[in-house]
Amino acid sequence: MASSMTHFEEPGHEALPVYELRLGGSWRPAGDGRTYAAVNPFTDQAWAYAPEATSADVDTAVAAARTALHGPWGEMTGAERARHLRSLATVLEEEAEHLAAIETRGNGKLLRETMAQAASLPGYYQYFAGLADKLEGTTIPADKPGYFMYTRREPVGVVAAIMAWNSPLLLLTWKLAPALAAGCTVVAKPSAYTPVSTLEFARCVERAGLPDGVFNVVTGSGADVGQQLVKHPDVDKVTFTGSTQTGIAVGKAAMENVTRVSLELGGKSAQVVFADAELEAAAIGVVSGIFAATGQTCVAGSRLVVEQSAHDEIVARLVHHAEKIRLGDPVDPASEMGPLANKPQLAKVSALVQRAVEQGAHVAAGGRVSRELGGLFFEPTILTGVRPDMEIAREEVFGPVLAVMRFDDEDEAVALANDTRFGLAAGLWTENVRRAHRVAHRLEAGTVWINAYRMVAPNAPFGGVKLSGIGRENGRDAVQEYLETKTIWLALNEAEGRDPFSIG
Ligand code: NAP
């Protein structure tokens, strides 16, 4: 395997790895040789250097992806692509621990979470390998005599995949696995905060023997590298995971070239708890929804909508659990919540909580930056007395902050849960099976979990409604995001007698 890194030594400092870009079949430093430091959020120290891709590097990556599309990859049958996806799954199985450790260094998530994510990656490549040879067109009976008509499902082409920092490899996989199954080639741009895991992942792709140029990685900032990819005239599709604000800008920029777009965006998901729920199970579900991953998950159940008669009991249970959560080093198996991933995040979470209190919310638990551990820790926070018009009930926090609101009846519960511009996910806690389905149907969200939260799987379609996004990842639908339909007409007879001046 070609080397993808060197080491950078500063006097008195441990040598840090210096990574290179993956462009076509080569590992290369950025065109102008520039690198920047990737910072470990737990130690607040640089732990690696990543290349800052130039605009020429982006062009090279897109050109390599185009060449691969027109080369051996484009010629392959679905069954051959499936074999490559399965090889990649095997390598990822072997590398899971290594990749999880890199993810944790990069974004500060608990190793137990990144390990579970890394261990799940092969399943996605296996699942989409199973679909790669089933991308069937249809034969359509022509509506006039003498014609044969059919459709082909063709890869959309070169895909730019742009991801957030919170789960870099899982988010990448949700794009890459279906894109490869469809026959596309990919240029990936991870967040500038977490560049390394995607570059390490590219080594796995290389080891799995995928043809050169099928998977390329450019690292650097969203404003430069990301934007250039989105506007690139030779990119056929942009698949983006990130904030709604950036997603809207990405969508507008892509439209200048009528580039196809899928968007996985932010959320303000509700956890609706009825008084007839198993309250301890609901409390644990709410804790997992908002405090797991330090609340830095797109599906964070950041609004608790609870029936009036159960309010005090569930809040008491939640406070009890929140106060016991062990903040700590993400690699320590005893830790239950790690730091926030970067300083702007910490500043944003603190400011939102402070403004919520100024607007009348009551702090039932947490509410402050936790200084004992250094790093970027914020206490697990529960805010009661939240009104639906408050900023804390409307804006995505992307941190460990729960806003609690009350309802009196089912209609009010649904109205409160749906009173948001977002629509990514929702949780619903009740022991009444009829109500469970009835309310699930009325909730405006791409995914509803009943008496559960934060479940994902390769075969479960995932995505948002409203401002939470466009398109679906995972499940059979996901491959469709990377395919175009071509219609082919064949005249079975000679053209004789056909009027050239009227439509057929
Ligand atoms: P973000 O600021 O929108 O960034 C997302 C990605 O877009 C990063 O790679 C970023 O690069 C890049 N980017 C920034 N500006 C760009 C531009 N003008 N053109 C092209 N790319 C650009 O989001 P984030 O703060 O990293 O992530 C948190 C957000 O992601 C939350 O809103 C969360 O809900 C959402 N999210 C959604 C899902 C989902 O599946 N729906 C999953 C996870 C996260 P740089 O970071 O290098 O600037």
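Strand 7 and strand 8 of this predicted model form a hairpin, strands being DSSP runs of E with at least two residues and helices DSSP runs of H or I with at least four, both numbered from the N terminus. Between the two strands lie 6 residues, and G146 in the turn has a positive phi of about 85°. The strands run antiparallel and are joined by 2 bridges; two strands are taken to pair if DSSP finds at least two bridges between them. In strand 8, M149 is the bridge partner of I140. The model is predicted, and local features therefore need pLDDT of at least 70 and side-chain atom pairs count only at pLDDT 80 or more, whereas totals for chains, interfaces and linings use all residues. Residues are numbered from 1 along each chain as its sequence is written, and side-chain values use heavy atoms, with hydrogens and water left out.

Y150 has I488 in strand 24 as its bridge partner.

A second open sheet contains 7 strands in the order 16-19-20-15-14-21-22, with mixed pairing. Its edges are formed by strand 16 (362-365) and strand 22 (447-450), each of which has a single partner strand, so one side of each lacks a neighbour in the sheet. Neighbouring strands of this sheet are turned by 25° against each other on average, direction ignored; axes are lines fitted to C-alpha atoms, for helices over the stretch in contact, and angles run from 0 to 180 degrees between N-to-C directions. Strand 19 (residues 381-384) pairs with strand 20 (residues 401-407) in the parallel sense over 3 bridges, and T381 stands opposite V401 in strand 20. Strand 21 (residues 425-429) and strand 22 also pair in the parallel sense, over 4 bridges. Here L428 stands opposite I450 in strand 22. The covered face of strand 22 carries T447 and W449, while V448 and I450 lie on the uncovered one.

Helix 6 (residues 196-207) has 12 residues, and its end C-alpha atoms are 17 Å apart, which agrees with the 16 Å it should span at 1.5 Å a residue; the expected span is 1.5 Å times one less than the number of residues. The helix is mostly covered, with 10 of its 12 residues buried, where buried means under 20% relative accessible area, exposed over 50%, and partly exposed in between (1.4 Å probe, protein chains only). The buried residues include L199, F201 and V205. C204 likewise counts as buried, at 4% relative accessibility. Helix 6 is followed by G209, whose phi is positive, near 85°. C184 is buried as well, with a relative accessible area of 0%. A search of the whole structure finds 0 disulfides, a disulfide being a pair of cysteine sulfur atoms within 2.5 Å.

The protein chain is divided into domain 1 (55-265 + 464-486) and domain 2 (270-450), with bounds that come from an automatic or database domain assignment. The C-alpha centres of the two domains lie 31 Å apart. Their contact (heavy atoms within 4.5 Å) takes 20 residues from domain 1 and 27 residues from domain 2.
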